[in-house]
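Please look at the sequence and the structure before reading on.

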Amino acid sequence: MNTFARKFLLAALALAAVPAAHAQVAGYGMQYDNVTVWPVPDLRVPVHAYGGAAASPVRASAQPAPKANARILAQSFPPKKQFEMQQAYLQSMDVYLQIEKKMGWTSRDMAGGLAAFLVGNYMVLNDADVSDEAFQAVAKQLRREPGMQALVGKQDAITLRDTFEQSAMVGTFMALAYKSGQQTPQPPAVQQNLRNAARENLKLVLRTDPATVQIDNGGMHLR
């Protein structure tokens with residue numbers, strides 16, 4: 001296992017210290033105020049069914065604040081684990097920005113950050129990898145949601161930035177924890193807490209049972 005993956009495995013171990021009841025309330029760091037900003041995707045409409053020109057990206061244009069948002073997310077963990085988790089979330093943001101460039105997305109595109117959240121939690125919950133093509137499809141699906149396009153008029157720039165950064169951090173962290181677990185199996189308690197966190201995170205933003213959701217090259221839809 002490389003050093004980077006090992007760091008995320010160690011950070012994932014911190015999840016075992018969080019009581020399940022607390023995890024369900026906190027959503028492992030996602031602020032509920034930010035969750036309510038999310039445009040709820042229409043899971044009945046596959047990506048290929050959308051017609052017309054591609055939608056313009058909605059950007060998180062406020063000055064980046066990754067340290068502040070990593071600190072907020074880390075507050076969901078026991079005090080002794082907070083610095084470790086803050087660093088893990090900051091590293092996750094760095095990884096996400098690399099992924100953003102790889103995918104060819106507009107810098108700090110809201111749809112990309114929210115797609116990362118959905119895909120990372122989906123991977124952990126279902127113990128399944130997600131291809132770049134499927135990841136792209138989910139981002140495209142979110143970008144074309146009417147609710148996404150309406151965000152600019154409804155939300156201030158700071159709220160959009162915090163939602164983007166926290167979503168990207170949590171989603172990328174979960175994806176990396178899943179990847180590191182594939183290389184070095186995690187203790188059962190860690191695996192279960194990760195799955196619990198993923199289930200609650202998805203339930204909060206999708207407003208539906210995550211077990212009914214499928215992600216593939218057609219995007220995100222009901223099974």
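How many cavities of 30 Å³ or more does a search of the whole structure find? The search finds one.

## Basis of the report

This is a predicted model, in which local features need pLDDT of at least 70 and side-chain atom pairs count only at pLDDT 80 or more, while totals for chains, interfaces and linings use all residues. Residues are numbered from 1 along each chain as its sequence is written, and side-chain values use heavy atoms, with hydrogens and water left out.

## The cavity

Rolling a probe the size of a water molecule over the atoms shows where empty space is left. On a 1 Å grid over the protein atoms alone, a cavity is a set of points where a 1.4 Å probe fits but cannot get out; a pocket is an open set with protein on both sides within 12 Å along at least five of seven lines; lining residues have an atom within 4 Å of a point. Grid points are joined across faces, edges and corners, and a volume is the space filled by probe spheres set on the points.

The largest cavity holds about 30 Å³ of space. Its lining consists of Leu118, Tyr122, Leu202, Leu206, Pro210, Val213, Ile215 and Met220. By class these are eight nonpolar residues, with no polar and no charged ones (Ala, Val, Leu, Ile, Met, Phe, Trp, Tyr, Cys and Pro count as nonpolar, Asp, Glu, Lys and Arg as charged, and the others, Gly among them, as polar). Helix 6, helix 11 and strand 1 (213-216) each supply at least two residues of this lining; helices (H or I, at least four residues) and strands (E, at least two) are DSSP runs, numbered from the N terminus.

The largest pocket has a volume of about 340 Å³. Of the 17 residues that line the largest pocket, Ile99, Asp132, Phe135, Ala175 and Lys179 lie nearest its centre. Helix 10 provides the largest share of the lining, five residues. The lining has ten nonpolar, three polar and four charged residues.

The second largest pocket contains about 200 Å³ of space. Among its lining residues are Met123, Asp127, Tyr178, Gln182 and Arg195. Helix 10 also gives the most to this lining, with four residues. By class, the second largest pocket is lined by six nonpolar, four polar and two charged residues.

## Salt bridges

Side chains of opposite charge can pair when their charged atoms come close. The structure holds seven salt bridges (a side-chain nitrogen of Lys or Arg within 4 Å of a carboxyl oxygen of Asp or Glu). In one of them, Glu84 pairs with Lys81, with the closest N and O atoms 3.9 Å apart. Both residues are in helix 5, three residues apart, and are therefore separated by about one helical turn.

Asp132 and Lys102 form a salt bridge at 3.1 Å, N to O. This pair links distant parts of the chain, 30 residues apart, with Asp132 in helix 7 and Lys102 in helix 5. Asp132 is partly exposed at 34% relative accessibility, whereas Lys102 is exposed at 60% (buried means under 20% relative accessible area, exposed over 50%, partly exposed in between, with a 1.4 Å probe and protein chains only). Asp109 and Arg143 also meet in a salt bridge, at 2.8 Å, N to O. Asp109 lies in the loop between helix 5 and helix 6 and Arg143 in helix 7, so this pair ties together parts that are 34 residues apart in sequence. Both Asp109 and Arg143 are buried.
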